[in-house]
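Here is a short report for a reader new to this structure. Look at the model first, then read on.

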Amino acid sequence: MRIAHLSDLHLRQALPGTSHIARRQSRRVPELLRAAVARLEREAPDVVICSGDLLDYPLDRMEDPETLALGQADLALIAGILAPLGCPTIVLPGNHDPLPATRALFCPPEEIVVDGLRFLTFVDREEEANVPHRRAEALERFRAALAEEASLPQVHVQHYVLWPEPPQSDYPYRYADADRLAAEAASCAAVRLVLSGHYHPGLAPRQRGETWFATAPAFCEAPHPLWLYELAGTALRWRSLDTA
């Protein structure tokens, strides 16, 4: 199974301005994303995953109707750029995305099976002090999937980091209960791969038990990478493809 993974686009086109962090090249992202899609068409992945922060949305204007209309235009731009991909595409919202608008356009499935591999998605949210949590129905689905004795091999996809802990600790990139969630995932023989974004430097694939955990680096920052995984049983090979 060949899986392409990119994250943290932080795109602005209809949205005015650019990211307040200069290395996030928000206004270049449309052209870069088109180049990445052209590369992926040559690589022919079985699945493409974008694990959140599609937009560099001004967080202080989440409730402003005019800004929302511009954000919806940028989300539609992303959908149009991704449309030529000839494989299932899983697109999740992140903490910088207007949640209802993003879910309405991309309709991320809670679960999809591709070539015998079961992809489960979790749309979790930040709470107080920007700490993400997995709660209620999402937590129930997570544990129910782990408990299925006859489950197909699983890939879990979310925006926030489960494991390992990022070396920079000035921001809560991980879930409040990340250690417990990661331990539960790694203890399940069916879980082969756990994919995240959010932490812009990225975290190279690392195995815990027989489960691999990977955090893709931010596509909006040079060299604008996307990652390609080759998953066969419990074995994983991966490589980074730089767009710039």
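Two strands count as paired if DSSP finds at least two bridges between them. With that in mind, Ser196 stands opposite Thr215 in strand 11. The model is a predicted one.

Six strands form an open sheet in the order 4-5-8-9-11-10, and the pairing is mixed. Strand 4 (111-114) and strand 10 (203-208) are the edge strands. Each of these two pairs on one side only. From one strand to the next, the twist averages 20 degrees.

Strands of a sheet pair through backbone hydrogen bonds, either parallel or antiparallel. Strand 9 takes part in two parallel pairings: one with strand 8 (residues 154-158), over four bridges, and one with strand 11 (residues 211-215), over four bridges. Strand 10 and strand 11 run antiparallel and are joined by four bridges. Some residue partners mark these pairings:

| Residue | Partner | Strand of the partner |
|---|---|---|
| Leu203 | Thr215 | strand 11 |

Two helices pack on the sheet. Helix 4 (residues 136-147) touches strand 5 (117-122), strand 8 and strand 9. The direction of helix 4 makes about 160 degrees with that of strand 5. Helix 5 touches strand 9, strand 10 and strand 11. The direction of helix 5 makes about 135 degrees with that of strand 11.

Helix 5 (residues 178-186) also belongs to a right-handed β-α-β unit, together with strand 8 and strand 9.

Why is strand 9 described as largely enclosed by the rest of the structure? Buried means under 20% relative accessible area. Six of the six residues of strand 9 (residues 191-196) are buried, so the strand is largely enclosed.

The largest nonpolar core has 32 residues. Among those with the most contacts inside this core are Leu6, Leu33, Ile78 and Phe219. Several elements each supply at least two residues of the core, including strand 1 (2-6), helix 1 (29-43), helix 2 (65-82) and strand 12 (225-232). Helix 1 gives the most, with six residues.

Which residues does Leu33 touch, not counting those up to four places away in sequence? They are Leu6, Leu9, Ile78, Ile81, Leu82 and Phe219.

A second, separate core has 21 residues. Leu120, Tyr175, Cys188 and Phe213 are included in this second core.

**Backbone features in the loops**

Most residues other than glycine have a negative phi, and most peptide bonds are trans. Some places in this model depart from that pattern.

Trp163 and Pro164 are joined by a cis peptide bond, with omega about -5 degrees. Pro164 is in the loop between strand 8 and helix 5. Another cis peptide bond joins Ala222 and Pro223, with omega about 10 degrees. Pro223 is in the loop between strand 11 and strand 12.

Cys107 is not a glycine, yet has a positive phi of about 45 degrees. Cys107 lies in the loop between helix 3 and strand 4. His198 is not a glycine either, and has a positive phi of about 75 degrees. His198 is in the loop between strand 9 and strand 10.

Are these residues buried or exposed? Cys107 counts as exposed because its relative accessibility is 55%. His198, at 5% relative accessibility, counts as buried.

Conventions: Residues are numbered from 1 along each chain as its sequence is written. This is a predicted model: local features need pLDDT of at least 70, side-chain atom pairs count only at pLDDT 80 or more; totals for chains, interfaces and linings use all residues. Side-chain values use heavy atoms; hydrogens and water are left out. Buried means under 20% relative accessible area, exposed over 50%, partly exposed in between (1.4 Å probe, protein chains only). A crossover is right-handed if, with the strands pointing away from the viewer, the path from the first strand over the helix to the second runs clockwise. A nonpolar core is a set of buried Ala, Val, Leu, Ile, Met, Phe, Trp, Tyr and Cys residues joined through side-chain atoms within 4.5 Å. Contact means heavy atoms within 4.5 Å. Axes are lines fitted to C-alpha atoms, for helices over the stretch in contact, and angles run from 0 to 180 degrees between N-to-C directions.
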